[in-house]
Amino acid sequence: AENMLRSKQTAAHVWTSVEVDFERVERVRAAHKAEFKEEEGFSLTYLPFIARATIDALKEYPVVNSSFYLEERKAIYHRAVNLGIAVDLNQEGLVVAGVRDADGLRLVGLARQISELAAKARSGKLEPNDVTGATFTITNPGPFGSFMSNPVINVPNVGILSTDTITKRAAVVTGADGADVIAIRHIGYLGLTWDHRAFDGAYAARFLVRVKE
């Protein structure tokens with residue numbers, strides 16, 4: 001609670017969101033989810049896809065993967081992406097567990113690390129190294145039915161991404177012949193809470209759109 005208050009009193013919180021068509025991701029999941037579950041022992045969710053896209057975008061927009069210290073008049077740009085994942089502790093609290101050097105992992109590796117950290121968190125087996133050093137955080141309230149979320153930044157990070165419910169919606173899609181048609185697509189929203197002291201709205205929007213792309 002103290003950390004949440006300190007963050008709101010320290011960072012200049014701004015929120016930006018985009019609508020995302022996850023149809024292609026859903027097709028990949030549908031094609032491989034049974035085999036993946038059998039081999040890995042856990043389900044293939046949307047989160048590893050979003051995490052990998054976020055990591056790639058952070059490399060292109062490095063200010064979002066920085067730490068900001070106003071009193072010291074400095075910003076630290078991190079070469080590696082230590083990806084924090086917010087984990088719900090069975091409705092008894094929340095903890096941010098970190099995937100270290102996440103930029104060196106492919107999608108399956110990310111999925112494994114996220115699953116292992118969540119299991120450790122919920123069983124009370126996280127170590128100090130697991131909960132320190134995150135350079136950017138993703139929170140995932142979507143499985144609980146959220147529409148859009150505006151999370152609190154994990155300072156001194158300068159951004160946190162929320163992934164909300166992905167559901168079937170009617171959408172306008174341009175076909176191969178260039179004509180627009182109405183189709184059923186898997187649609188969801190990504191929200192970025194960012195620190196306006198570190199960068200501006202144009203940079204935030206470009207980063208978020210890159211994650212979407």
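Axes here are lines fitted to C-alpha atoms, for helices over the stretch in contact, and angles run from 0 to 180 degrees between N-to-C directions. This is a predicted model, where local features need pLDDT of at least 70, side-chain atom pairs count only at pLDDT 80 or more, and totals for chains, interfaces and linings use all residues. Numbering starts from 1 along each chain as its sequence is written, and side-chain values use heavy atoms, leaving out hydrogens and water.

**View 1. How H3 and H5 pack.** H3 and helix H5 (residues 201–212) meet at an angle of about 140 degrees, their axes 8 Å apart. Helices (H or I, at least four residues) and strands (E, at least two) are DSSP runs, numbered from the N terminus. H3 and H5 are therefore oblique to each other (under 35 degrees is roughly parallel, over 145 roughly antiparallel, 65 to 115 roughly perpendicular, the rest oblique).

**View 2. Who touches whom.** On the H3 side, the contact (heavy atoms within 4.5 Å) is made by Ala53, Thr54, Ala57, Leu58 and Glu60. H5 brings Phe207, Arg210 and Val211.

**View 3. The largest pocket.** Its volume, the space filled by probe spheres set on grid points joined across faces, edges and corners, is about 650 Å³. A pocket is an open set of points on a 1 Å grid over the protein atoms alone, where a 1.4 Å probe fits, with protein on both sides within 12 Å along at least five of seven lines; lining residues have an atom within 4 Å of a point. Of the 28 lining residues, Thr45, Leu47, Arg122, Asn140 and Pro143 are the closest to the centre. H4 gives the largest share of the lining, five residues.
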